[in-house]
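I opened the model to look up a few residues and their aromatic neighbours. My entries follow.

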Amino acid sequence: MGYVCCACLLFCAHCNKKFDEPPVYRGPDIRPNMGIRELRNRHTPGNFEYLTEDSVIEGIVVADDSRDNFYKSVVIQDSTGGITIRLDGFGLYTDYPVGRRLAVKLRGLWMGDYAGMLQLGAGVDRSVPAYPEIIPIPVPLFNRFLVKKELNQPIVPKQVRLDELADSLQSCLVKIDQLEFAVNDTGKTYADVVNRISANLTVKACSGGNVYVRTSGFARFASARVPRGNGSITAVYSVFRYDKQLLIRDTSDVQLTGLRCRPPGIKELLIEDFEQQTNGVVGDNGWKTIAESGDQLFLINSTQGNRYAEISAFATGKPVLVSWLISPPVNLSNSANEILRFVTKDGYDNGATLQVLVSGNYDGANAPWKARWTPLRALISKGSVSSINAGWVSSGDISLSTFSGTVHIAFRYEGADPVSIFDHRTTRFQIDDVRVLGN
């Protein structure tokens, strides 16, 4: 009986034992024995290497396919470099999201470059002999080569200058300051989302040099318009043959909110390419359109991705039509030798007119004809009778140096479309790239 009681007491003592808290999960205990830079250094440009050593690299995922700008691939980076891993699957970000530490067992993988961009994969596709490329790792083999480790690891992009981009930074997340999109590309969409066509848009550094921002036509942000300002871009550095490319992960990687670069000695007092305005009646960036008679306003229209202001009296039925397009105020107080530039097209010319004027006493209200306006001598497109002029006509440099203080620039259209067969003046005019520059 005593033996049984002792046994019971011993059993109860074990029942009341306090267990330690379970350890924090840190992923499989597999450790890297090679840096990414060392792996990259084993590649001979133009060749494909089959990896036979029991080597392991490890890095943090810095780009995934969550926004569809990185197709069937993830990009990892360690303190020595970065590399792109091709994976034959979709929704990779669910297992390999940005911020996950990822170990890669190299034995049995292939390494090679496509148009100069180094990648890891499961084999080599030589079906097009002139352009062999790495085959993505099949889904059933993901766990054989990839080891998922901790999530939410900190990511700090490498701060570099544009002129420092080199092959050693391939597949690295970099941040470059003092960048802006080229003027001809501002306001464009990142890619052609309708036709699913990728696009290269040029960004330039204030100190000189340029690089492409490459975006897939399938990217979820392909339809977004690029900003006009200056600032920083965070992106994965890539190459295609001799082209240097930045691959952004989302539009939040593009922080261009500052003033654009200023050429030495030149001040941009007004710049309007209408790309930031939406199709319809003019009404953004401080611009106004006001009908003096005839109720017809200047509209924003677009052709082949380029936006401009446009007006015509055609089909209005108005015996007299006068309409104004007026700029926001332009301050000439802190500059000298100011000039105005713009471009125009005309179409189906039958006598309507377009004037450009400047006023120093327009009050910004809805009766501009009450202000004092001075006509400016400018070259304006005319004479295109059967269609729209194929090319833009430059106004030339129009001096504003005799004016001072705050002024407004206006375009005044005058036409007619009466019910009778006489005196139809319905010429269509298009206006774009309005600039005022000074020293």
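In which strand is Gln 77 found? I located Gln 77 in strand 3, residues 73-77; strands here are DSSP runs of E with at least two residues, helices are runs of H or I with at least four residues, and both are numbered from the N terminus.

I note that this is a predicted model, in which local features need pLDDT of at least 70 and side-chain atom pairs count only at pLDDT 80 or more, while totals for chains, interfaces and linings use all residues. Residues are numbered from 1 along each chain as its sequence is written, and side-chain values use heavy atoms, with hydrogens and water left out.

**Gln 77.** I looked up its accessibility: Gln 77 is buried at 10% relative accessibility (buried is under 20% relative accessible area, exposed over 50%, partly exposed in between, with a 1.4 Å probe and protein chains only). Leaving out residues up to four places away in sequence, I listed what Gln 77 touches, including Ile 36, Lys 158, Cys 172 and Leu 173 (contact means heavy atoms within 4.5 Å). A polar atom of the Gln 77 side chain lies 2.7 Å from the backbone nitrogen of Leu 173.

**Ala 291.** I found Ala 291 in strand 21, residues 288-293. Ala 291 is partly exposed, at 24% relative accessibility. With residues up to four places away in sequence not counted, Ala 291 touches Gln 296, Leu 297, Val 322, Ser 323 and Trp 369. I also checked Ala 291 against Asp 423: they are 132 residues apart in sequence and 20 Å apart in space, C-alpha to C-alpha.

**Aromatic pairs.** I applied the ring rule: rings of Phe, Tyr and Trp (its six-membered ring) pair if their centres lie within 6.5 Å, with planes under 30 degrees apart stacked, over 60 edge-to-face and the rest tilted. The count by this rule is twelve aromatic pairs. Why is the pair of Tyr 190 and Phe 221 edge-to-face? The ring centres of Tyr 190 and Phe 221 are 5.8 Å apart and the planes are at 90°, so the pair is edge-to-face. Tyr 190 lies in the loop between strand 13 (173-181) and strand 14 (199-205), and Phe 221 in the loop between strand 15 (210-215) and strand 16 (230-240), so the pair ties together parts 31 residues apart in sequence. Tyr 190 is buried at 2%, and Phe 221 is buried at 4%.

I then took Phe 342 and Phe 411, an edge-to-face pair at 5.0 Å centre to centre with 85° between the planes. Phe 342 is in strand 26 (residues 339-347) and Phe 411 in strand 31 (residues 406-415), 69 residues apart.

Terms used
Polar contact = N/O pair within 3.5 Å; in protein donor to acceptor, adjacent residues only side chain to side chain.
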